[in-house]
Amino acid sequence: AEQAAVVSGSGDGAGGGHGTGHKAAAEPHAIERIYCGHWFHSRCLDAALTQPPFRLDCAHPGCGKPVHHPKYADKTAALEKKWSMEQAKKREIGELAGLMGME
C-alpha cells in the first residue's frame, strides 16, 4: 500500500497550498478530512484503508492517531473480508480465462 500523505493546512484556507477549501472534492487531487482534523489526499486514504494492512496512523507531526473516515468501514474485519473476496474473484476469473484459453 502507498504511504498516505498528510496535506498541510488547518482546513480554513490558510497554508498548505493543496486547495483546502470546500470545493476540494471536485478537484483532481481531492482531499478528505479525517476524524483527528487533519487532511489527506483521497487517493492516499483509499490506497491505505482498502488494502492490507487496512490501517493507517496520521503522519501529521505530533498526531499519530489511527486514521478513521466515515467513507470507510470502521471494522478492519469487514475491509479484510471485502479485500479477500475481491482477490478470490480475480483468481477465479484468471483460472476460467486460462481454461478457456483467453489468457
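Two residues are in contact when they have heavy atoms within 4.5 Å of each other, and this briefing uses that term for a predicted model. Residues are numbered from 1 along each chain as its sequence is written, and in this predicted model local features need pLDDT of at least 70, while side-chain atom pairs count only at pLDDT 80 or more and totals for chains, interfaces and linings use all residues. Side-chain values use heavy atoms, with hydrogens and water left out.

**The chain as a whole**

- The chain holds two helices and three strands, where helices (H or I, at least four residues) and strands (E, at least two) are DSSP runs numbered from the N terminus.
- Read from the N terminus on, the elements follow the order β-β-β-α-α.
- Of the 103 residues in the chain, 26% are buried, a word that stands for under 20% relative accessible area, with exposed meaning over 50% and partly exposed lying in between (1.4 Å probe, protein chains only).
- The chain exposes about 7,000 Å², and 56% of that area is supplied by carbon and sulfur atoms; accessible areas come from the Shrake-Rupley method with a 1.4 Å probe, and for residues only the protein chains shown count as cover.
- When contacts between residues at least 6 apart in sequence are considered, 44% of them join residues at least 24 apart.

**The loop residue Asp57**

- Asp57 sits in the loop between H1 and H2, and with a relative accessible area of 36% this residue is partly exposed.
- Apart from its neighbours within four places in sequence, Asp57 is in contact with Gly64, Lys65, Pro66 and Val67.

- Helix H1 is mostly covered, since six of its eight residues are buried, namely Ser42, Cys44, Leu45, Ala47, Ala48 and Leu49.
- The cover over these buried residues includes strand S2 (31-33), strand S3 (39-41) and H2.
- Ser42 belongs to helix H1 (residues 42-49) and counts as buried because its relative accessibility is 13%.
- Beyond its neighbours within four places in sequence, Ser42 is in contact with Ala30, Ile31, Glu32 and Tyr72.
- Tyr72 lies in the loop between H1 and H2, and it is buried, with a relative accessible area of 11%.
- With neighbours within four places in sequence again left aside, the contacts of Tyr72 are Ser42, Leu45, Asp46, Leu49 and Thr50.
- Tyr72 and Leu45 are 27 residues apart in sequence, yet their C-alpha atoms are 9.2 Å apart in space.

**Helix H2 and the end of the chain**

- Helix H2 (residues 76-99) has 24 residues and reaches 35 Å from its first C-alpha to its last, close to the 34 Å expected, a span calculated as 1.5 Å times one less than the number of residues.
- H2 is followed by Gly101, whose phi is positive, near 70°.
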